[in-house]
Amino acid sequence: MSAEETRKVHSTPNLDQLEDGPWPSFVTGLKRLRDSKGKKYAGMMNDLLGQLEHSYTNRLGYWKGGTVSVFGYGGGIIPRFSEVADKFPESKEFHTLRVQPPAGLHYTTDILRQMCDIWEEHGSGLIAFHGQSGDIMFQGTSTENTQRAFDALNDIGFDLGGAGPALRTSMSCVGHARCEVSMYDEIKAHRSVINEFLDEMHRPAFPYKFKFKFSGCPNDCVNAIHRADFAVIGTWKDDMKVDQDEVKAYVGEVGRKYMIDSVISMCPTRALSLNDDDTLEVDNKSCVRCMHCLNVMKKALSPGDERGASILIGGKRSLKVGDLMGTVVIPFLPLDTDEDYENLVELARTVMEFFAENALEHERIGETIDRIGMPAFLEAIGVNPDPNMVKHPRTSSYVRTDDFTEEAEKYFERKARTEAAE
Ligand code: SF4
């Protein structure tokens, strides 16, 4: 009798409950892999389910870390060894390969099939597109097969991502390939930065993790503002474009009440007003590019022509000082020519060098800025303070005028005079 025929399927009464309800369940997926006929990972998935059931019963986790890597790399593999290997021997090692996704998450079906074949050959068959880190997570392989799986993935053009105190795998939104409000070439920005600093990803030498994320517009589809240490967010500088015929058509369709309740009054800076003849007025100086009106009235409104990106530093999830949103450090960086993209890479280098030299161990850059203060950080990276960096200019009592833009213009005039005098 084959091992498959003699294998005892672990009963999983606790896990079975997770299959109730309307949503797809990961338990169903694991069982499907367990029940695959003639697949060598079926036994591994059976023992994985057994161990998980054991954990649910005892309310304890039984995985421990360790050290597993591939030749020439210091990170990218998340090792998992079972503490109950005597009970569940086939899943005693269940390591994960973090693999960098293509910029913009563009795949061909052929590449996806090749990935599945590789993981059926060398791993558990279980792949997650994509983990919170942005990586493709190839979950579940033995120490022995880790190098083989990596070599095969490398042969089809993929590389490991980051783990530990290192530059981490980056993400960019689907971008200008499919999105009409994309404001720069996200894919070019993503690859220019990550390719330049790949060593920092594969050989962890930072005080802690450092993440880049690239979103083509302020809708921020890759959650860069609150997840990335260095967020590149597409924006525009000139006036937004308004097609008044489309505005009228929209108002005719939804009615003036809906338009006022759901578009005009939802503008956070009251930059919009509706005229009696159903045309729209936009106070572009007050618009903070939140994207709300553009999202609602796609045909009528679109970003201006002078496009680029804002750079925000210091976003992260909880740790020492709690969750942080990124702070605007460069309000507008043009991203048009090759030279502009080189400037982005140089800025990234400056910020990473500052982080490597000044952050404490296990401290994200947002926490370093919190510790030393924004003025010291700006001085260290050679960026002058700018009124656009004021977090809530229209509500801050330290900005002593209703017209923030006017005050900002005065600041820039003063600054230009000082620079000319120097
Ligand atoms: Fe107002 Fe946002 Fe529209 Fe700008 S993008 S006008 S801030 S709703």
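Helices are DSSP runs of type H or I with at least four residues, numbered from the N terminus. By this assignment, Asp340 belongs to helix 13, in what is a predicted model. Asp340 counts as buried, because its relative accessibility is 12% and the cut-off for burial is under 20%. Apart from neighbours within four places in sequence, Asp340 is in contact with Pro334 and Leu335. Between Asp340 and Ala128, which are 212 residues apart along the chain, the C-alpha separation is 35 Å.

The overall architecture of the chain was considered next. The chain contains 16 helices and 15 strands, and 48% of its 422 residues count as buried. The C-alpha trace extends over about 85 × 55 × 40 Å along its principal axes. When contacts between residues at least 6 apart in sequence are considered, 65% of them join residues at least 24 apart.

The largest nonpolar core comprises 38 residues, and Phe210, Phe212, Phe230 and Leu344 have the most contacts inside it. Two or more residues of this core come from each of helix 7 (186-196), strand 8 (212-215), strand 9 (230-236), strand 14 (307-313), strand 15 (327-334), helix 13, helix 14 and helix 15 (374-381). Helix 13 gives the most to this core, with a contribution of nine residues. Leu344 touches Ala189, Val193, Phe214, Phe230, Val232, Ile311, Leu333 and Leu335, when residues up to four places away in sequence are not counted. Another core, of 24 residues, lies apart from it and includes Cys217, Tyr250, Val282 and Leu294.

Helix 13 (residues 338-358) packs with helix 14 (residues 365-372) at an angle of about 70 degrees, and their axes are 11 Å apart. Helix 13 is therefore roughly perpendicular to helix 14. On the side of helix 13, the contact is formed by Val351, Phe354, Phe355 and Asn358, which meet Ile365, Thr368, Arg371 and Ile372 of helix 14. By class, five residues of the contact of helix 13 with helix 14 are nonpolar, two are polar and one is charged.

In the second pair, helix 10 (residues 244-254) and helix 11 (residues 256-264) pack at an angle of about 105 degrees, with 6 Å between their axes. Helix 10 and helix 11 are thus roughly perpendicular to each other. Here Val247, Tyr250, Val251 and Val254 of helix 10 meet Arg256, Tyr258, Met259 and Val263 of helix 11. The contact of helix 10 with helix 11 holds seven nonpolar residues, no polar residues and one charged residue.

Ala149 lies in helix 6 (residues 143-155) and counts as buried, with a relative accessibility of 0%. With residues up to four places away in sequence not counted, Ala149 touches Leu97, Ile118, Trp119 and His122. Ala149 and His202, 53 residues apart in sequence, have C-alpha atoms 17 Å apart in space. His54, located in helix 4 (residues 42-58), is buried with a relative accessible area of 18%. The residues touched by His54 are Tyr62, Val84, Lys87 and Phe88, not counting those up to four places away in sequence.

Backbone geometry in the loops was also inspected. Arg59, in the loop between helix 4 and strand 1 (63-64), has phi near 55 degrees, a positive value in a residue other than glycine. Arg59 counts as exposed, at 76% relative accessibility. Phi of Arg289 is likewise near 55 degrees and positive, in a residue other than glycine. Arg289 is placed in the loop between strand 12 (280-282) and helix 12 (292-296), and Arg289 is buried, with a relative accessible area of 12%. A cis peptide bond, with omega of about -10 degrees, joins Phe129 and His130. His130 is located in the loop between strand 5 (126-129) and strand 6 (136-139).

Note on methods: Residues numbered from 1 in each chain as written. Predicted model: local features only at pLDDT ≥ 70, side-chain atom pairs only at ≥ 80, totals over all residues. Heavy atoms only, no water. Axes fitted to C-alpha atoms, helices over the stretch in contact; angles between N-to-C directions. Parallel < 35°, antiparallel > 145°, perpendicular 65-115°, else oblique. Contact = heavy atoms within 4.5 Å. Nonpolar A, V, L, I, M, F, W, Y, C, P; charged D, E, K, R; others polar. Core = buried A, V, L, I, M, F, W, Y, C linked by side-chain atoms within 4.5 Å. Buried < 20%, exposed > 50% of the residue type's maximum accessible area, 1.4 Å probe, protein only.
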